[in-house]
Amino acid sequence: MADTHSWTPPKVWTWEKGNGGRFANINRPTAGKTHDKDLPVGKHPLQLYSLATPNGVKATILLEELLAKGHEGAEYDAWLININEGDQFSSGFVEANPNSKIPVLVDHSAQTPQRVFESGSILVYLAEKFGEFLPTDPSKRAETFNWLFWQMGSAPMLGGGFGHFYAYAPEKWQYPIDRYAMEVKRQMDVLDRNLADREYVIGDEYTIADMAIFPWYGAMAKGLLYDAGEFLSVHEYKNVIRWADQLYARDAVKRGRMVNRAWGEPSSQLLERHEASDFETKTQDKVATS
């Protein structure tokens with residue numbers, strides 16, 4: 001193995017500011033707020049505070065799918081949280097999510113607003129609230145949870161593991177890249193085998209399990225994460241590619257991927273979403289020329 005880096009851990013770890021690659025300016029070993037700022041609140045009961053990362057778009061895809069099915073109560077305001085600037089450490093955000101991670105949902109439809117944090121929790125909360133995309137049949141429901149929690153447990157190896165060391169770490173080290181590349185390929189194979197004889201993740205029914213897995217593993221299968229498609233030979237996972245293409249073609253998925261997006265083609269960026277018409281009038285290409 002070419003990697004010759006070696007380090008002997010001290011008896012007591014101490015934090016070195018600036019150590020952490022691309023996100024060093026916001027990483028720290030303590031929780032809590034860094035500044036006082038209330039979260040904005042729009043006119044709809046559902047208030048989403050997010051960014052269009054793979055975890056963030058899970059919630060917006062589900063909300064757009066609910067609206068497409070005619071659930072007017074799923075109308076929502078989506079506010080941009082710039083995690084590179086530390087927006088997630090404001091007093092208002094920390095009150096909504098003490099873990100300071102996006103996305104976070106606050107439901108004002110009850111007398112006391114209900115906070116919902118962790119992307120998987122948001123999916124379950126909304127699916128149960130509106131009675132959609134989470135089967136009532138016990139066997140299908142269990143299978144949906146199986147795959148939802150598979151994603152929640154597996155994706156950190158893809159993002160925080162492979163993604164960090166391959167794309168964001170200040171130096172390229174062979175050992176961690178090899179270790180996490182092996183695990184990501186194993187996970188892709190798990191999903192590919194599952195989709196060999198299933199249209200969707202749990203079978204013939206589209207569920208929140210698909211919405212959770214797709215932004216991570218669908219994007220990876222299409223070579224859209226970390227510029228690592230060739231490196232990981234993602235063309236091998238033909239069943240995942242077929243499934244991903246099917247989801248990418250859904251109108252609600254297209255809209256959900258645009259919300260709180262702050263990069264890419266200006267026409268694909270809807271920094272905030274407050275009305276369905278915003279997709280036609282407030283994307284960055286429209287705003288820039290208005």
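**The sheet, strand by strand**

Analyst: In this predicted model, strands β3 and β4 run antiparallel and are joined by 4 bridges. The two strands form a hairpin, with 6 residues between them, and across this pairing V104 has F117 in β4 as its bridge partner.

On the other pairing of β3, β1 lies antiparallel to β3 over 4 bridges, and here Y49 stands opposite V104. β1 in turn is joined to β2 by 5 bridges, but these two strands run parallel; within this pairing, L48 has A78 of β2 as its bridge partner.

Put together, the strands make an open sheet of 4 strands in the order β2-β1-β3-β4, and the pairing is mixed. β2 (76-80) and β4 (114-117) are the edge strands, since each of them pairs on one side only. From one strand to the next, the twist averages 20°. Helix α1, which spans residues 54-68, packs on the sheet and touches β1 and β2, and its direction makes about 150° with that of β1.

Where do the side chains of β3 point? In a regular strand, side chains alternate between the two faces of the sheet. In β3 (residues 104-107), V104 and V106 point one way while L105 and D107 point the other way, and all of them are buried.

By contrast, W13, which is found in the segment before β1 (46-50), counts as exposed because its relative accessibility is 54%. Together with W7 and W15, W13 makes a nonpolar surface patch of about 430 Å².

Notes. Residues are numbered from 1 along each chain as its sequence is written. This is a predicted model: local features need pLDDT of at least 70, side-chain atom pairs count only at pLDDT 80 or more; totals for chains, interfaces and linings use all residues. Side-chain values use heavy atoms; hydrogens and water are left out. Patches are made of residues with over 30% relative accessible area and no salt bridge: like charges are joined within 9 Å, nonpolar side chains (Val, Leu, Ile, Met, Phe, Trp, Tyr) within 5 Å. Accessible areas come from the Shrake-Rupley method with a 1.4 Å probe; for residues, only the protein chains shown count as cover. A salt bridge is a side-chain nitrogen of Lys or Arg within 4 Å of a carboxyl oxygen of Asp or Glu. Buried means under 20% relative accessible area, exposed over 50%, partly exposed in between (1.4 Å probe, protein chains only). Two strands pair if DSSP finds at least two bridges between them. Axes are lines fitted to C-alpha atoms, for helices over the stretch in contact, and angles run from 0 to 180 degrees between N-to-C directions. Contact means heavy atoms within 4.5 Å.
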